[in-house]
Amino acid sequence: MPRMISSPLLRGRALVEARRRGLSASACSALDGSDESANISPTRTTLALSAYFCQPELGMKDFEILSRASAFLLSVDPKEVSDGEKPSTLFPHLQERFDTDERRKTKQEYRYDPATGPRRFPHQLNWLEFLPTAFRPRVHVVASSHVVSPFLWPKYYGHEWLQSVKQEHVKYSLEVWGPAEHKNSDEIENSHSGKLSGDFSVKAKFALNPYPIHHPSEMDIAIIHLNQEEAALKHMESLGIKALHLPTMHELNTSDEPVFTPGEKTLFQGFEVYEANPTDQESLSQNTSQTADDERVFHPYSSLGTLSMCSPDRFLARTDQPLPEGLCGGPAIELPTDGENVTIRGVIEGIVPIDHENKELAGSASFMPAYRIREFIDHAERFMIASLLDDDVLL
């Protein structure tokens with residue numbers, strides 16, 4: 001996980017009262033730091049991402065590990081309105097009949113299933129919601145750009161051998177991890193104080209399409225997509241994996257809530273990676289094939305953080321102990337959460353170096369805020385939809 005934080009962030013104290021572009025007000029009720037507001041396991045919210053590479057010019061014959069870190073599923077469609085949020089009616093049986101008729105009418109009028117989520121005006125929709133689900137992904141896999149394509153980040157990895165690696169030499173996998181014993185992930189104690197207790201193992205492994213989309217301005221975020229998504233999501237859902245949610249641009253633009261409130265709580269989740277990535281090595285060993293699964297590599301991790309400082313592009317939060325290697329790309333989760341409809345407020349980027357001269361900043365977690373992520377997702381979805389529509393449609 002890169003440790004360097006840009007200098008504007010270190011001068012961000014003046015930006016504590018950040019732009020009022022809004023996250024959900026529900027996070028404000030988590031200021032007391034109660035773990036009860038965050039009863040969810042990282043084995044439900046995060047996945048283990050591995051990048052493999054094979055570059056024949058380096059004398060390689062088989063794929064080997066290139067980089068590993070955390071990732072998560074981000075739902076394309078917004079979360080549904082729960083029954084508790086729907087307006088009450090004096091005639092529930094009539095409402096049920098009306099809903100059934102609406103679903104039947106939709107089946108008759110649409111050849112393909114339309115986008116899901118609550119009904120909204122067109123200007124409130126995300127880009128991919130204009131396409132039926134049969135023609136676009138249901139989720140994005142969100143990760144750090146420097147993990148997905150480390151050869152694009154020479155400022156992090158200046159090794160000469162890495163510069164010969166290109167996107168066509170790389171493939172990806174996504175793993176679901178769970179308790180090694182026969183118990184449900186929800187039965188694991190979630191104290192959110194760091195590494196989860198117990199042993200964990202791989203429960204399933206899924207292939208990803210080797211076509212990542214990176215942030216156009218070199219911010220450390222990328223999305224990639226599941227190969228055979230329908231079958232993969234069905235399997236993941238059976239294992240308890242949740243697709244997380246991000247506020248829509250319309251919600252961010254119309255919210256009256258402050259973007260940043262010092263002292264507010266957030267939850268960092270992901271996987272600690274024990275072994276060093278090859279991208280951290282000056283030279284590449286020719287006898288270190290790691291294509292076989294290694295159950296010692298990833299371990300789920302969950303930690304509460306307290307917001308302390310911000311800049312327009314990054315927020316800082318204090319944690320009981322510095323976040324370990326591997327959590328970059330994991331979600332910063334909005335609190336409180338019921339564990340069902342989980343909303344993110346950011347993506348973990350790294351930590352301020354623990355030996356930083358400013359002791360108040362040293363070891364703090366750094367994450368990209370939700371509005372920056374939404375800007376990127378909108379860019380990526382527009383890029384995806386442009387391949388299916390004429391240019392003048394998007395003007």
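Predicted model: local features only at pLDDT ≥ 70, side-chain atom pairs only at ≥ 80, totals over all residues.
Modeller: Residues are numbered from 1 along each chain as its sequence is written, and side-chain values use heavy atoms, leaving out hydrogens and water.

Biologist: How many helices and strands does the protein have?

Modeller: Helices (H or I, at least four residues) and strands (E, at least two) are DSSP runs, numbered from the N terminus. Here there are seven helices and 14 strands.

Biologist: Which residues of helix α5 are buried?

Modeller: Buried means under 20% relative accessible area, exposed over 50%, and partly exposed in between (1.4 Å probe, protein chains only). In α5, residues 229–238, the buried ones are Glu229, Ala232, Leu233 and Met236. They lie on the same side of α5 because they cover an arc of only 95° around the axis, taken from the directions from the helix axis to the C-beta atoms. The face turned away from that side carries the exposed residues Glu230, Ala231, Lys234 and Ser238.

Biologist: What do the buried residues of α5 pack against?

Modeller: Contact means heavy atoms within 4.5 Å. The buried residues of α5 pack against β1 (47–53), β2 (64–75), β3 (139–143), β4 (170–179) and β6 (200–208). Just after α5, glycine 240 takes a positive phi of about 90°.
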